[in-house]
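Me: I have a structure open and would like to go through its overall geometry. Could you take me through the chains and then how they meet?

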Amino acid sequence: MATAENGDAGKRTEASRRKRQGWFAELLQRPEIASFAVMVVILVVLGFLAGNSVYNPLGIKNNLSIIAQLGIITTGACLLMIAGEFDLSIGSMIGFTGMSIGLMLKWGLPFGLGEATPGSAFLLTLVFAVAIGWSIGFVVTRTGLSSFIVSLGYLFILRGATEVGFRYINEGSTQVSSLPDFKQNSYVADIFGGQFLEPVFSMLYDVGWNVSRSGKLWVTGMDNRVGWWIVITLVAYVILSRTQIGNWIYATGDNVESARANGVPVRRVKIGLFMFSAFCSTVFAACQVFETNSSDAAKGQLLELEAIATAVVGGTLMTGGFGTILGIIFGAVIFGLLKNASFYIPWIDGAFYRVFLGTFLLVSTMFNEKIRKRITGGI
Amino acid sequence: MKKILLAGITLAAMATGAAAERYVMVTHGQGTDPFWPVVEKGGKEAAAAIGADFEYRFIPSGSMADMAKLIEAAAATQPDGLIVSLPDADALGGAIRAAVDAGIPVITINSGLEQSKDVGALMHVGQPEYLAGQKAGELAKAAGVTHPICFSQEAFNAALSERCNGYFDAIGVRGEIIDTTPDPITIRTRAAAALQADPAIDGALSVGPHTCVAVHQAMEDVGVETHHGCFDLSPELMDLIDAGQVNFTVDQQQRLQGYLPVIMLHLYNESAGLLPGANVPSGPGIVDQSNAAAVKALAGINR
């Protein structure tokens with residue numbers, strides 16, 4: 001077998017998959033290689049065209065924040081896609097949880113529980129959000145309806161509830177502003193809206209890199225949402241690749257009936273993943289609310305489409321059963337950079353950014369498909 | 001028995017309905033914009049002041065076809081007056097003319113100053129966004145701005161683009177309109193990128209209060225001191241103006257757009273056609289360092 005397959009260079013058989021190759025060749029077989037290649041291309045091209053503003057301390061901090069925001073919700077959306085379901089309510093959930101935290105901080109906790117602190121506002125909102133996530137999963141698994149439609153319904157319900165909440169609880173105004181800066185006194189508010197890695201940036205200033213135009217310390221620190229993204233990504237990676245639950249997720253997405261026949265608790269997996277997606281949306285909204293000390297009814301619109309696009313760019317299959325966390329990281333970097341690339345490059349009108357995004361979405365997806373077919377043997 | 005009960009209830013409803021005046025307002029605000037609740041509030045207060053009923057209708061979809069249907073439905077309920085915003089006279093003109101022909105007095109507000117008479121409205125209360133943008137541009141030009149840029153949080157919102165266009169035309173230089181989206185971190189990133197990409201920029205216009213605050217932070221991040229004008233109000237924006245960090249904000253005074261038409265329609269109905277002799281411009285009011293502190297408490301609620 002080995003000699004026959006060695007002779008035909010272009011013909012791959014089942015056994016060629018098990019042949020040990022050099023580490024570089026093995027690297028090229030990984031599914032994330034396509035999105036990695038696209039990411040490297042974009043990083044290099046952006047460096048040429050606008051390197052001094054994209055790769056200076058401010059550019060790195062801002063772009064990482066955008067990438068992290070995208071990454072947080074994409075992790076939730078991607079795990080669901082691997083399990084074969086969609087969550088279109090992410091954006092509306094962000095608006096809803098942002099409203100909930102904002103209104104609680106301004107008007108006090110509901111059910112007569114008294115004054116709100118950032119911690120209690122966040123926890124109570126998290127409970128609501130996860131309960132709503134549970135209900136989406138429950139409806140999807142009990143009725144057998146497509147999650148696309150169910151989550152689409154919740155998209156409208158949650159956005160409407162956000163508007164109604166503002167109209168009736170907030171005296172008709174659609175924004176909650178002039179909240180005190182909770183970050184000064186509250187550890188919880190600082191965890192979401194504050195910064196970390198300040199000593200690193202201080203040190204960079206001391207060696208002469210992080211210097212502003214007026215000669216002082218420029219960027220003070222990295223937004224905490226980047227830290228949250230790292231934590232959520234690590235947790236998701238461990239779950240997906242090292243635990244039984246990860247196997248269940250892949251099995252559920254690949255073939256629900258076989259999974260069920262093999263004893264995988266398919267219903268619980270799906271409901272749990274919807275709850276996780278709601279958790280990700282809540283973290284996203286909390287970071288925004290505590291950073292700006294305000295919330296309004298328009299936040300989060302259309303972000304679910306960006307999350308799905310990022311997951312697909314990172315190599316996740318729309319039909320389920322295939323996807324990796326590393327792919328999400330690369331996809332988030334690609335998508336996050338592309339969103340703002342045209343604004344950094346002076347000779348491109350910023351209005352082209354949607355054209356860029358769409359084009360790259362198509363190119364990446366075709367590339368990913370090609371690589372995936374090669375790896376999985378043409379299925 | 002049921003028939004008598006039903007008849008009795010209907011008569012009672014008709015009786016109570018016939019007593020109070022009823023005014024209906026239909027606008028193109030989409031429900032998440034902080035601008036329109038102030039208009040609605042103005043209308044409610046005016047109606048409460050004269051003892052009339054007030055209804056506020058809007059279209060979540062932003063589609064003009066839906067709005068035309070909404071106007072037809074509102075006219076079918078035979079209100080004592082109709083107050084309509086006019087972003088697209090071609091799409092809405094038919095429905096408004098039908099309402100006028102049915103004998104309902106109509107006043108247009110906010111947008112559509114030029115087409116107001118053509119669609120059969122009595123008068124117009126409001127100001128085109130273009131003129132408000134021009135006012136901002138005149139202030140910028142007087143401060144020496146020669147290289148402007150405009151930040152808009154909703155790319156497809158024609159009203160916001162008109163503010164930018166007026167600003168550019170008053171200064172005499174065509175600048176770029178940057179689509180920042182409403183996401184605060186995106187606004188900061190794109191504003192910082194735009195300011196770094198073109199160091200010659202010396203004047204900026206942000207067409208929303210949240211956009212204004214985030215663009216100001218971007219200016220601080222990049223380390224430039226650009227002339228910065230904004231639109232509409234929020235408490236944080238008032239603080240920035242008070243501290244001299246943002247030059248001014250244009251207040252559309254949209255509460256007048258809600259309050260005045262109700263009173264005018266009431267006078268028209270009660271006093272055989274009593275009507276102001278010309279359209280009423282509701283703004284723009286300029287809030288700068290001289291009056292920011294006084295306006296702060298009302299920002300977003302009453303102004």
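Predicted model: local features only at pLDDT ≥ 70, side-chain atom pairs only at ≥ 80, totals over all residues.

Me: Fine. How many helices and strands are there in chain A?

Reply: Chain A contains 16 helices and four strands.

Me: And what box do the C-alpha atoms of chain A fill?

Reply: Taken along the principal axes, the box is roughly 75 × 60 × 35 Å.

Me: What share of the 379 residues in chain A is buried?

Reply: Buried residues account for 54% of them. As for contacts in chain A between residues at least 6 apart in sequence, 74% join residues at least 24 apart.

Me: Switching to chain B: what does its secondary structure come to?

Reply: Chain B has eleven helices and eleven strands. Its radius of gyration is 22 Å, close to the 19 Å given by the globule rule for 303 residues, so chain B is as compact as a globular protein of that length.

Me: How far does the C-alpha trace of chain B span along its principal axes?

Reply: The spans are about 80 × 35 × 35 Å. Within chain B, 53% of the 303 residues are buried.

Me: How many positive and negative side chains does chain B have?

Reply: There are 18 positive and 34 negative side chains in chain B, and the centres of these two sets lie 8 Å apart. The accessible surface of chain B is about 12,100 Å², with 56% belonging to carbon and sulfur atoms.

Me: How much area do chain A and chain B bury between them?

Reply: Together they bury about 3,300 Å², and 51% of this is on carbon and sulfur atoms.

Me: Which residues of chain A lose the most area to chain B?

Reply: They are Gln175(A), Arg213(A) and Phe343(A), which together make up 19% of what the chain A side buries.

Me: Why quote a lost area for an interface at all?

Reply: The accessible area lost when the parts come together is often used to give the size of an interface.

Terms used:
Residues numbered from 1 in each chain as written. Chains lettered and ligands numbered in written order. Heavy atoms only, no water. Helix = DSSP H or I, 4+ residues; strand = E, 2+ residues; numbered from the N terminus. Rg over C-alpha atoms; globule rule 2.2 N^0.38 Å. Buried < 20%, exposed > 50% of the residue type's maximum accessible area, 1.4 Å probe, protein only. Areas by Shrake-Rupley, 256 points an atom, 1.4 Å probe, with all protein chains shown as cover. Lys, Arg positive; Asp, Glu negative; His and termini not counted. Charge placed at Lys NZ, Arg CZ, Asp CG, Glu CD. Buried area = accessible area lost by both parts, 1.4 Å probe. Contact = heavy atoms within 4.5 Å.
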